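Dear colleague,

Please find the structure below, handed over for your use. My notes on its salt bridges and on one of its helices follow.

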Amino acid sequence: MPHNDPTVSPDIDPETIAPVAKGAMRKCILSGSRGERGALIRLALDADGNVAPDLGARSPGRGAWVSPDRPLIETSLAKGKLRGLLMRAFKTSAVQLPDNLADQIADGLARRALDRLGLENKAGNLVWGADRIGDALAVGRVRLLLHAGDAAPDGISKLEAKRRGSPREVLSMVLPVPRAQLSMALGRENVVHAAVCDAAACARVAAAVERWRAFSGFVSEEGLSEDAAAHRGT
């Protein structure tokens, strides 16, 4: 399973902030690698033999686990490998895979992560706006710092400098969507940056966003998206 380091600073251990995606270990049927179930993707089989993503891992019956690796899933689907492995895992030849399985997973991961952000915002666990986030960082309130995928490099740099100066170690991630979608999820206008200020909320949000980022291919220097990392240096 590809490793997706969510921290902006490599010397920060996420375990000191909040446990992310903890739970029983599962094995990816494609790569053979093992990971915690909250970090992998469960595929479920319904009574009619249709396979669908079970991102909450709550559907009854047999399930099979795959890494959040879109190219791996798409390649194995196109070559018929995934179907064969699922037939073995489900112990049946009645397995029907949708051609758009990867898109279903991507849409589901995005929806779950953005819905989680919306819930945490309603619960009062989020702070938005560069000035408010900066003040919260200064007093050590922030647990997780989030940037929209199209956030300006100077805006990211300013908040990252304040994050590094915070008395608390802070996890930092760039989201795989622009500000318009982040704003819609939070029910506000023009939200470019957001911060989570509760330990339990941090664990919930980080787990959802980290899996989403991994499937979206957000693996790059310092945990920033490739676009954001490139733009930051301009």
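E160 and R163 are three residues apart in helix α5 (residues 153–164), so about one helical turn separates them. Helices here are DSSP runs of H or I with at least four residues, and strands are runs of E with at least two, numbered from the N terminus. The side chains of this pair meet in a salt bridge, at 2.6 Å from N to O; the term denotes a side-chain nitrogen of Lys or Arg within 4 Å of a carboxyl oxygen of Asp or Glu. E160 is buried at 1% relative accessibility, and R163 is buried too, at 3%. Buried means under 20% relative accessible area, exposed over 50%, and partly exposed in between (1.4 Å probe, protein chains only).

Please note that this is a predicted model, in which local features need pLDDT of at least 70 and side-chain atom pairs count only at pLDDT 80 or more, while totals for chains, interfaces and linings use all residues. Residues are numbered from 1 along each chain as its sequence is written, and side-chain values use heavy atoms, with hydrogens and water left out.

The search of the whole structure found seven salt bridges. Two of them share E120, which is buried with a relative accessible area of 2%. One partner is R116, with the closest N and O atoms 2.9 Å apart. R116 and E120 lie four residues apart in helix α3 (residues 101–122), about one helical turn, and R116 is partly exposed at 26%. An α-helix has 3.6 residues a turn, so residues three or four places apart point the same way.

The other partner of E120 is R204, at 2.6 Å between the closest N and O atoms. Because E120 belongs to α3 and R204 to helix α7 (residues 199–216), this pair ties together parts 84 residues apart in sequence. R204 is partly exposed, at 37%. Elsewhere, R70, E74 and D103 are linked in a network of salt bridges.

Which residues of helix α4 (residues 130–138) are buried? They are I133, G134, A136 and L137. Seen down the axis, they fall within an arc of 165°, so they line one face of α4; the arc is taken from the directions between the helix axis and the C-beta atoms. These buried residues pack against β6 (126–128), β7 (144–147), α5 and β9 (193–196), where contact means heavy atoms within 4.5 Å. D131, D135 and A138 are exposed on the other side of α4. After α4 comes G140, with a positive phi near 80°.
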